[in-house]
Amino acid sequence: MPMMNLLVAFNGSEGSVAALRYAAALADRLGAHVTAMLAHTAHEVIDKRSRWIPKEARALLDEVGANVLRDIEARFEAERSALGLTNTLQLREVKGRVDTVLSEAARHYDMLIVGSHAETDDEHVTLHPDRIALMSGRPVVVVPAGYEGDGRLTHAALAWDGGRAAARALSDSLRLLEDAGRVSVLTVGPRASWPIQDLMTHLARHEVDATLEEWPTSHPVAPTLLSWCEKHRPSLLVLGAFEHSKFREDLLGGVTSEVLSRIDIPVLLSH
């Protein structure tokens, strides 16, 4: 299925700037349309509706929130101008819980592109790509802050364990994998017992030149994937998110969280 309708989240962070540039380049290459969205919660440190809050204090809180949004909009305008998209790309502002807003919006697009999460982001516009991938039901491409790639795919990596999340990630990314033409299938440790050759045949029938690299159970999954990507520099890592529960990953750590916190190339997440 062609990808013709892309959504990019923009919150003024370095990650969102990289995501906007990546989305614009990807849309140009695919002949797709891109929409930018600023999702934000109410910029309040206290409940302004409380009767004991002086109206001057409520006005000050409103001004602080407005200033944050104006700064984000100014940065968007600068980036939009630099990309030459002044007449074709608008920034939609939507108020609500950020992850929820973006998850619901993403269901109306082929793909959501976001910047990596940073602790330094303003808390009222910060987003969590892993949660959005879990909630949205759509593929989410996470672009690291500072990434300067132009969206072209020359070589992609597919993390594969034969599970449901990996299969969903494969389906969601197949259009991009076909475009890349060259894919490394990476399996670390145990995987489903179904013959891996069926996957390789499936990719070949989509005119994807796929090679298989395998590591035994003794290798930790996330460090192995990260080390391989650092050495081979693929254009994209395709990863099925949270094959185990999100609660377990939050509590104990997991592949998804570790990869996102350390990787310096775009990652396509599906759940």
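**Figure 1. Secondary structure of the whole chain.** The chain has nine helices and 10 strands. Both are DSSP runs numbered from the N terminus: helices are H or I with at least four residues, strands are E with at least two. This is a predicted model, in which local features need pLDDT of at least 70 and side-chain atom pairs count only at pLDDT 80 or more, while totals for chains, interfaces and linings use all residues. Residues are numbered from 1 along each chain as its sequence is written, and side-chain values use heavy atoms, with hydrogens and water left out. Of the 271 residues, 51% count as buried. Buried means under 20% relative accessible area, exposed over 50%, partly exposed in between (1.4 Å probe, protein chains only). Among contacts (heavy atoms within 4.5 Å) with a separation of 6 or more, 81% join residues 24 or more positions apart.

**Figure 2. Ala106 in helix H3.** Ala106 belongs to H3, residues 98–106. Ala106 counts as buried because its relative accessibility is 0%. Leaving aside neighbours within four places in sequence, Ala106 contacts Leu7, Leu112, Ser136 and Arg138. Leu7 is 99 residues away in sequence, yet 6.8 Å away in space, C-alpha to C-alpha.

**Figure 3. The buried side of helix H4.** H4 spans residues 129–136, and its buried residues are Pro129, Asp130, Ile132, Ala133 and Ser136. They lie on the same side of H4 because they cover an arc of only 165° around the axis. The arc is that of the directions from the helix axis to the C-beta atoms. Just after H4, Gly137 has a positive phi of about 75°.

**Figure 4. Helix H5 against helix H6.** H5 (residues 164–180) and H6 (residues 196–205) pack at about 40°, with axes 11 Å apart. Axes are lines fitted to C-alpha atoms, for helices over the stretch in contact; angles run from 0 to 180 degrees between N-to-C directions. The two helices are therefore oblique to each other. Leu170, Leu174 and Leu177 of H5 meet Leu199, His202 and Leu203 of H6. These contact residues comprise five nonpolar, one polar and no charged. Ala, Val, Leu, Ile, Met, Phe, Trp, Tyr, Cys and Pro count as nonpolar, Asp, Glu, Lys and Arg as charged, and the others, Gly among them, as polar.

**Figure 5. Helix H7 against helix H9.** The axes of H7 (residues 221–232) and H9 (residues 255–262) come within 9 Å and cross at roughly 30°. From H7, the contact uses Val221, Ala222, Pro223, Leu225 and Leu226; from H9, Val255, Glu258, Val259 and Arg262. Seven of the contact residues are nonpolar, none polar and two charged.

Terms used
Parallel < 35°, antiparallel > 145°, perpendicular 65-115°, else oblique.
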